[in-house]
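I opened my notebook to look up a few things in this structure. My entries follow in the order I made them.

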Amino acid sequence: MLGEAVAADVLPGLRRRLHRAYLAALTGNQEHSSPAEIARHAAAVGDVATACAATLAAGDAAMAVGGPRDAVRHFERALAWVEDPASRAAIALRAATAASTAGARVRAVELLREAVAATPAAEFPGERAELLAQLALGLRILDLPGDPFGLTSEAVALLPDTAAPRRVRVLLAHIQILLDRRALDDASDLCDEVVALAQEAGLATALAEVRLHRAHLQELRGTSWDDVARMQAVVDHVEGGEDPVQIRALLRLGSLLQHHGRLTESLDAYERALRAASRLDQEWAPYGLESRVYAGSVAHQLGRWAQAQAHLAVRADQPAPQPGAALLESARLQLRVDRGEIVPFAELAELARWGEIDTLVAAYVMYPAGELLGVSPDRDALLDLIDRIIELISASWSPGFQGILRIAAVVCGQAADLAPRAAEPTRSRLLQLADAYAARADARLALPASTSSPAPGAESLAWAARLAAERLRLARVVGSGVDGEPVGREELVAAWEAAVAAYERYGHVPETIRARARLAEALALVGRGSDANQVAARARADAELLGLTPALTILDAVLAPERGAGSAAGEHHLTAREREVLDLVALGRTNGQIGRELFITTKTVSVHVSNVLAKLGAANRAEAAAIARRQGLLD
């Protein structure tokens, strides 16, 4: 601080002389100087060449020690000093790589777009080709405007056949885009060309990437268990080294295992990908971030909720770039909803906004939004949000995306719950959307397996089984059936038995519990009380172990006659924290006072109070206290 104060008071001429002296001292003693310091003093005296070289060295040094955010700053500063298009193109590639590694994926795309616009093909074909290829890869990671295929096609056309290794890098990008487009024969031919060029030039990393592409290509020709063995061979070849391609290979292996319902092995693969990403300073880079999200998602499905929370949490000491932070937060939503939290609509809508950049964020918002239809005061807004997200996913991914099976099942289930009590026009709209989504799910299941529409995996088949059961339940509620015939009770039991079996095969613990709770409900409906109690007891034990509030709510209705009216106090399933908050609400405490007493934020208290009111069916705090006293909920 003293140095800054003195420097601010020094006349410009003396300041330049001092900077020049510092620069001479630093360049004369490289052992005790840093590139960043040299760049600062060189820039201050107008020595742009020295400043630029030092800034680039500082950026490279930052990347070497896992500091991509610092590297971006250094590379962008160098871009401001350089005018030669070829040099600017090379620096832009380094800056974009650093930005992408730091998780600033949108900034990476912006840097590449600017560089492409400033690099004419006639004068700098090689530089432009590499920029185009990297821009295409950046665009395929996000859902931003652009034509990745057109970009890589132009890039390939700009380079001669002998331009290895630059041509190899461009061809690898083009192969990836061809695989995305399911142009499998063209991709296969280019893999052969890349192998020949890479072997001749000794490019080991390129050869590893070709192996990955070929394994993925075979998978796209028709998913089978052989795909797992092929991808495992790729993983065995690269895992443990310094090549980031191992992260992608492990991610694909995890995805294939998940598709086949091997969730424990899938989680292991995702966690190995995550460890590799951490070791290689790629945690926020493409594939590194996804390994966290998928590991958290599969851990949630396995019922390992503490493990899922740990994977999806953002560390306080690590600033979270967007849209990565939104992706993690959206993936956490299902955990929060399954634990009984009523997530405010404004939070869902804000997260969904990032879906315009990364559609995966919107997909993760959509499913819990559907689960909230029965408890949120913003039911119509939620229906609007779900409908918009479905159209977004259909446009960005495919009209036949497999997630339509899941959201159709969720909405049909919510429609069955809400139809008897929802007011018009919400009731009619909910029923209409349930029918529309179910019809789209039917269309997806009817599609023949192909490279563009792969056969549903174990998870999709489980959701399809739940959808079938929810449609029967909804038909009973609204008094309709198949071909005008009412839905039989035994038919409903069989449908829920099939849903339980499908979720068990896949390994989805929370959904198995939820389906088992509905099975108990169906068994009670047909008068099989003993069977219903047995199934419900197992479901309750598992649901209480997890804290799976939605399933407990279903079981309350099933077991209420057995427990009698005096047991109403246990029916609301307030969490331990919500009970603490309720006790203090009943004492007349404000949110601020409650927060100070429980050592939580006022905002968190507000969320807990909203959840308590919703679970008790109370309009305000006073009514909540009165209900709690009547039902013996207060300590």
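**Entry 1: the whole chain**

I looked up burial first: buried residues (under 20% relative accessible area, with a 1.4 Å probe and protein chains only) make up 51% of the 635 residues in the chain. I noted that this is a predicted model, where local features need pLDDT of at least 70, side-chain atom pairs count only at pLDDT 80 or more, and totals for chains, interfaces and linings use all residues. Residues are numbered from 1 along each chain as its sequence is written, and side-chain values use heavy atoms, without hydrogens and water.

I then looked up the secondary structure. The chain has 32 helices and two strands. These are DSSP runs, numbered from the N terminus: helices are H or I with at least four residues, strands E with at least two.

Next came contacts, meaning heavy atoms within 4.5 Å. Of those with a separation of 6 or more, 61% join residues 24 or more positions apart.

**Entry 2: two helices**

At what angle do α23 and α24 pack? I found about 145° between helix α23 (residues 426-446) and helix α24 (residues 458-478), with the axes 12 Å apart. The axes are lines fitted to C-alpha atoms over the stretch in contact, and angles run from 0 to 180 degrees between N-to-C directions.

I listed residues that meet: Leu431, Ala434 and Ala438 are among those in α23, and Leu467 and Arg471 are among those in α24. By class, this contact has nine nonpolar, no polar and three charged residues. Nonpolar means Ala, Val, Leu, Ile, Met, Phe, Trp, Tyr, Cys and Pro; charged means Asp, Glu, Lys and Arg; the others, Gly among them, are polar.

I picked Ala438 in α23. Ala438 is buried, at a relative accessible area of 3%. Leaving out residues up to four places away in sequence, Ala438 touches Ala408, Cys412, Leu467 and Arg471. Ala438 and Ile407 are 31 residues apart in sequence, yet 8.9 Å apart in space, C-alpha to C-alpha.

**Entry 3: a histidine**

Is His216 buried or exposed? I found His216 in helix α12 (residues 204-220). His216 is buried, because its relative accessible area is 16%. Beyond neighbours within four places in sequence, His216 is in contact with Leu179, Met231 and Arg252.

Key
Buried < 20%, exposed > 50% of the residue type's maximum accessible area, 1.4 Å probe, protein only.
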